[in-house]
Amino acid sequence: MSLKLFFFDELKGYAKSKVMLVLWFGLPLLSFLIQFVNPAELEGMPISFLVAIVVSSIGGTLSVIMLSTTIVSEKNRHVYELFLIRPVRRSSLILAKFFAVYLCLVIAVSISLTIGLLFDAITGDLIENYLNITFESLIVGISSMAITCSIGIMFGVLVSSVPLAAILSVYLGSQLSSLIILPTFFIPGLNTEVLALTLGITLTIVIMGINILLFNRKQF
Amino acid sequence: MVLNGKKSKDIAKKNDLNEDKLIEFRNVSKRYKELLALENISFTIQKGEIFGYIGPNGAGKTTTIKILVGLIKDYKGNVYINGINTKNNWKNLHNLIGYHPQEAGFQEWRTIDHAFKTFGCLSGLNSESIEKRIQETLELLNLSQERYKKITHLSGGMFQKLRLGQALLHKPQILVLDEPLSGLDPQMRYQFKKIIKELARSGTTILFSSHILSDVQDIADKIGILNQGQIKDIGSPENLQNKFHIGNIIELIVAENTPLCEGLEDLSEIEYVEKVKLNKQLVHLKSEINIDLVIYLIMNKLKEQNCKIRNFSLVKPSLEEVYLNYVRGETK
């Protein structure tokens, strides 16, 4: 009950604080801009492929920064005390944040990719080979974003300074998430999509489990 | 005067005799690594009582309050609410309590309406009750005009009201207020005190902490003095003042244009005489004396000198003096 309430509250919060707007329109716009700024090197590359790469890499970094700095700031402003004196599960607070940010990012990715695909269909740049790679990048991106979201929550729970949380997020957050594709470099023949999905789900569950334990032990 | 362990236990025993207790702390201790924040504290609060909890900064007031509202669960001893031990029983107790924290923020994107709806929902109110209670609470706090304003656009005083509002929203039986009056202007303080008194009259049990003694004296039925993690004394403001013989001062006022009484210092029971005004003097008595005997001796002296007395009274220590004596006694 409290998880559902917190989840929709978080979504409303992101909508009202314009975070959604920036994510859902900013990311596709950024992909287009890159194409126009440096068209020579991207000759022949469909927009949809470019969008998938840009959104996956930037989305991961954004999620870890968003989550870690929001949690640290809310901890420091004693926001959670007013929730925790009521009959709610502590875990609901961080799970709601995780799902809300992750959903926002998945929607951002979907919007960006749809626009990219539409653009390619109109311009006639839709190439089957690139579609496969786009799909692969998308799966890897979405899986790694789940991990970065959980890492962002971990930084938020453990750290008590907003700048430190932001620095750690930039240095480590998105880099750690790229671990999910490392095995493909050493073990030939591994299916990248299956590996990314399996490791993404497993690592996210493990990290979120640790986060819940840490948050439950936290004294407010 | 500092209470030793035995006296502290006596206070706890005396409180135990009253069956109408709603809150009970029994030998509660809390340690933060090296710091012993609370040391074996015991006290009870009766139904409908306003309990003022005073002590200097760092005395352990907020720790006590956080234990009472369930934010700190790792402590020694037992806390009972309505006779139920709070350890592992929080599920049914949370909604009995409304808590106004000393520091608490709200997510900046929320309006008062949105924040209250969330808190109401979390406290188990249905949508009809939430609407009704939001209106009642905002009217009580004079915040109806601000209902749809973003919380970040509120002034400091309104923000404080908002903190109180969220605590009152679900009509709790127990209201726990941590420094509710700090940072408020005189008008707002008056308004807050009025609300607190009205709530107590309607049966709400209130614990509030403060280091502003006049506020405690104005509102509280019972006061607990806390210093360095220990309860130093508990009682009504009058009882605390009466039992505390700080210096025992006698105020003497003589008729206008008549000389002040002389030679009182000759009495061995008198520490010194302070001339406050042309017709007023304060006689400071030594401690550990027989007050009746001293009054008799002073009366005789005044009679010998034919002093035209207009007022002869024993001055009670102010609550502030009682409090300072406990605090200074400890730090000396």
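A crossing of two helices is called left-handed if the near helix is turned anticlockwise from the far one by less than a right angle, and right-handed if clockwise. Keep that for the second stop. The model is predicted, so local features need pLDDT of at least 70 and side-chain atom pairs count only at pLDDT 80 or more, while totals for chains, interfaces and linings use all residues. Residues are numbered from 1 along each chain as its sequence is written, and chains are lettered from A and ligands numbered from 1 in the order in which they are written.

**Stop 1: a helix in chain B.** Select residues 112-122 of chain B, which form helix α3 (helices are DSSP runs of H or I, at least four residues, numbered from the N terminus). Nine of its 11 residues are buried, so α3(B) is largely enclosed by the rest of the structure. Buried means that 20 or more other C-beta atoms, placed from the backbone, lie within 10 Å of the residue's own; 12 or fewer is exposed, and in between is partly exposed. Among the buried ones are B:Phe116, B:Phe119 and B:Leu122. What covers them? The cover includes α1 and α4 of chain A, along with α4 (127-140) and α5 (156-168) of chain B. After α3(B) comes B:Gly124, with a positive phi near 90 degrees.

**Stop 2: the crossing.** The axes of the two helices, α3(B) and α4(B), come within 10 Å and cross at roughly 130 degrees (axes are lines fitted to C-alpha atoms over the stretch in contact, and angles run from 0 to 180 degrees between N-to-C directions). The pair is therefore oblique: angles under 35 degrees count as roughly parallel, over 145 as roughly antiparallel, 65 to 115 as roughly perpendicular and the rest as oblique. The crossing of α3(B) past α4(B) is right-handed. Residues in contact here (C-beta atoms, placed from the backbone, within 7 Å) include B:Phe116 and B:Lys117 of α3(B) and B:Ile130 and B:Arg133 of α4(B).

**Stop 3: where the chains meet.** Show both chains. How many residues does each chain bring to the contact? Chain A gives 20 and chain B gives 23. On the side of chain A, α1 (2-16) and α4 (79-84) each supply at least two residues.

**Stop 4: a residue in chain A.** Finish at A:Leu21, in helix α2 (residues 19-37) of chain A. Buried or exposed? A:Leu21 counts as exposed, because it has 11 C-beta neighbours inside 10 Å.

Technical notes:
Two residues are in contact if their C-beta atoms, placed from the backbone, lie within 7 Å.
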